[in-house]
There are 2 protein chains.
Amino acid sequence: MEHELPGKGALLVRDVRLGGERVDILVDDRGMIAAVGRDVGRTARGEADRVIEGGGAVALPGLVNTHTHAAMTLLRGYAEDMPLQEWLSEKVWPIEAHLTGEDVYWGTKLACLEMIRSGTVAFSDMYFFMQDAARAVAEMGLCALLSYGFIDLCSEEKREAECRNTETFVRSILELHNPRIKPAVGPHAIYTVSQEGLRWCAEYAESHGIGIHIHVSETEKEVKDAVAQWGRRPVTILDECGILTPRTVAAHGCWLDRDECTLLAHRGVTVAHNPVSNMKLATGRAMPYHWLKEAGALVSLGTDGCASNNSLDLFTEMKFAALLQKFAWNSPTLLPAEEALAMATSAGSRALGFGNSRIAPGEPADIVLVDPHAVCNTPAHNTTSNIVYSCTGSVVQTTICHGSVLMHNRVVPGEEEILREAARAAETLAERAREDK
Amino acid sequence: MEHELPGKGALLVRDVRLGGERVDILVDDRGMIAAVGRDVGRTARGEADRVIEGGGAVALPGLVNTHTHAAMTLLRGYAEDMPLQEWLSEKVWPIEAHLTGEDVYWGTKLACLEMIRSGTVAFSDMYFFMQDAARAVAEMGLCALLSYGFIDLCSEEKREAECRNTETFVRSILELHNPRIKPAVGPHAIYTVSQEGLRWCAEYAESHGIGIHIHVSETEKEVKDAVAQWGRRPVTILDECGILTPRTVAAHGCWLDRDECTLLAHRGVTVAHNPVSNMKLATGRAMPYHWLKEAGALVSLGTDGCASNNSLDLFTEMKFAALLQKFAWNSPTLLPAEEALAMATSAGSRALGFGNSRIAPGEPADIVLVDPHAVCNTPAHNTTSNIVYSCTGSVVQTTICHGSVLMHNRVVPGEEEILREAARAAETLAERAREDK
């Protein structure tokens with residue numbers, strides 16, 4: 001049930017800047033890049049059903065958001081500047097208890113709209129009512145790795161229910177046969193899932209060859225509690241339960257120690273950095289990027305949900321990542337612009353299994369076109385620096401995912417309806433939460 | 001020599017959201033707000049020479065950038081991710097040695113363009129060739145407090161020259177008789193200006209009733225060196241030299257101790273927080289906002305120059321400020337959204353002497369109109385939170401400074417020429433620096 005965004009068939013993107021050259025890009029009717037080069041436009045003009053005039057725009061691989069709770073767009077601004085426990089127990093959880101599948105559908109549509117407008121083509125989502133989320137993603141045309149948040153709170157009864165929920169969800173996604181939407185298993189965290197639950201998740205993911213999406217060592221409390229209760233740090237426990245695999249994305253990792261970084265690297269786990277959320281919630285420590293890098297771990301980027309960010313713009317997130325690392329670890333050379341851009345593109349794309357994030361023949365056509373004449377791109381001493389440190393997502397003109405043009409000249413089809421319906425869903429959700437008090 | 005931006009005469013801004021109400025705003029032909037209310041449009045329609053249809057846009061006071069080096073837009077992206085000393089001595093200073101007045105003119109025009117596009121109506125600038133900067137500001141229509149960067153490096157000869165330069169500059173600005181452009185004295189910092197120089201600056205500013213713009217305690221080295229050399233911390237030294245006044249803006253303040261915060265508050269100094277620059281240059285400590293707040297000091301916001309930011313967008317800067325404070329001082333309740341917005345508006349406006357930042361009769365008409373239907377403003381649980389945590393400067397539709405419409409529907413007159421000429425100036429500047437190596 002995919003939206004017919006500006007047409008189908010082969011696509012020619014003419015005259016874009018790529019690695020210092022002006023080239024044309026030919027995309028075949030399966031959404032794969034067929035050719036990249038100076039003369040591609042001249043020779044292929046007849047083959048293309050659709051043509052985009054790039055006008056010298058900068059072509060970048062589409063950005064990838066490896067940790068979010070998409071439908072939490074409905075909670076954007078709902079509760080702010082509060083102590084973590086009070087924020088969760090008095091505001092976030094009570095309103096989430098009133099969420100419906102229809103809310104998640106519109107919240108996810110709003111999230112997809114925001115991502116498309118800021119150049120994100122793929123994301124990893126963990127939330128509830130994930131079949132409704134899948135419906136929204138399919139209509140919007142992005143790529144997504146979707147996981148149902150598995151939380152058993154160490155109750156055997158709940159665990160059984162969560163196993164069934166996970167199975168039902170994964171089956172429903174596989175039955176879509178949509179190459180852009182893949183299921184993952186979503187054990188929430190070691191403090192919300194029993195070790196039996198974690199083992200089940202690991203085995204289920206292994207047997208289906210699908211990904212695992214989990215929160216790891218976001219707060220100091222999580223680490224201290226694990227050591228107090230089980231005598232071991234979180235990453236060791238997750239390893240014992242089989243959670244650490246090359247198909248695993250571990251979000252946050254603020255409180256990892258050096259050995260944990262090494263183990264994550266050995267297991268091939270991707271660690272998703274979420275600098276904005278970590279700063280807003282005052283986690284007290286930034287992900288140790290330097291140790292992860294030394295150990296050779298893959299590090300990607302995430303925005304977390306809109307309740308704790310409150311934006312899904314990965315351009316801003318790249319700036320926060322590059323600056324938080326410098327500040328927190330007291331090194332102005334840590335996480336330079338090129339590495340921040342790689343976190344938001346190639347690392348994320350590989351982590352979610354959506355290609356290599358290269359604009360080259362044989363790769364999926366996940367391409368964003370950036371305005372070269374924007375103020376944030378002037379002057380042009382260093383395009384990568386401008387992208388990471390100066391621009392925001394508003395510099396994106398065109399977003400292409402697997403060959404589908406999701407936005408062109410900053411127009412996303414259906415935008416008005418999404419804004420209206422998501423606003424209405426958020427308002428009535430907040431009303432229901434108020435009335436229940 | 002002010003630009004004739006969309007016309008002169010009385011201005012009616014119809015149907016905007018202000019404090020939960022839908023109102024009209026009438027601006028008289030001197031740029032002052034004459035009336036605000038529901039029926040203003042109906043009764044005043046005949047009086048207005050120009051009408052802006054707000055369409056339910058959110059009206060905010062114009063933002064104020066209290067610390068920047070505007071023409072450093074030309075260095076945006078020129079040198080990145082380097083150790084501080086190497087960055088300054090091998091890249092920034094060598095290229096600055098080649099700056100001309102014409103470069104500063106175009107760099108400042110580019111800065112003004114960027115500020116207008118992100119809702120900033122006033123700023124405090126410290127740099128060289130400041131008469132050229134003044135020319136740029138006058139043409140662009142913003143308000144500015146301009147200071148010539150006074151640096152004597154403890155040489156008596158240099159000090160004499162800097163005193164004459166300052167006198168010449170201040171006189172030239174006063175002779176413009178432009179109410180939007182005011183001079184300040186700009187002693188660079190305690191480590192670049194002798195104490196004789198600081199005293200002269202303080203006395204000169206006092207005798208002319210003008211402001212003082214200075215860097216204070218940006219790095220730990222500055223504090224340690226002061227204690228080692230003079231046995232006193234920087235703020236004490238500045239106080240002895242007469243620099244601490246209610247007309248003083250002290251930029252950075254990362255390494256202030258508690259007593260210094262108290263003294264700054266007693267003297268009525270405004271401290272300009274520059275979170276992005278501090279993070280990028282890894283200052284190692286965030287300005288102690290909680291101590292300054294406790295002491296009752298006025299705290300404003302600045303972007304610093306584009307070499308260390310690399311943007312002049314105060315929306316992004318508000319988010320960085322609110323998040324850096326939370327993270328660095330380990331408190332998710334520190335610097336809530338309302339206080340971040342006040343830093344960027346009322347605190348800045350009062351610090352620079354450009355009004356009270358209120359959209360009310362008798363105040364200068366410094367107003368920005370924000371798109372209420374942007375994704376970042378959806379849903380509308382909390383407009384202030386959306387402005388600070390979710391939106392960037394691209395949400396601004398219209399920027400009005402002292403009644404002049406500097407941008408409407410995101411169009412700034414003359415934008416193309418500025419982008420072209422600033423890009424050219426930056427390129428030839430970098431070439432001159434390269435050839436000189």
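This is a predicted model: local features need pLDDT of at least 70, side-chain atom pairs count only at pLDDT 80 or more; totals for chains, interfaces and linings use all residues.
## A helix pair and a two-chain contact

Helix 12 (residues 314-328) and helix 13 (residues 337-352) of chain A pack at an angle of about 135 degrees, their axes lying 9 Å apart. Here helices are DSSP runs (H or I, at least four residues) numbered from the N terminus, and axes are lines fitted to C-alpha atoms over the stretch in contact, with angles from 0 to 180 degrees between N-to-C directions.

Residues are numbered from 1 along each chain as its sequence is written, and chains are lettered from A and ligands numbered from 1 in the order in which they are written.

Now to the two chains. Contact means C-beta atoms, placed from the backbone, within 7 Å.

| Side of the contact | Residues given |
|---|---|
| Chain A | 52 residues |
| Chain B | 52 residues |

On the side of chain A that touches chain B, helix 15 of chain A gives the most, with 6 residues. Of the interface residues of chain A, 100% are also interface residues in chain B, so the copies meet through the same surface.

Chain A can be laid on chain B with an RMSD of 0.0 Å by a turn of 180 degrees and a shift of 0.0 Å along the axis (superposed by least squares on C-alpha atoms of residues with pLDDT of at least 70 in both). The two copies are thus related as by a two-fold rotation axis.

Conventions:
Two residues are in contact if their C-beta atoms, placed from the backbone, lie within 7 Å.
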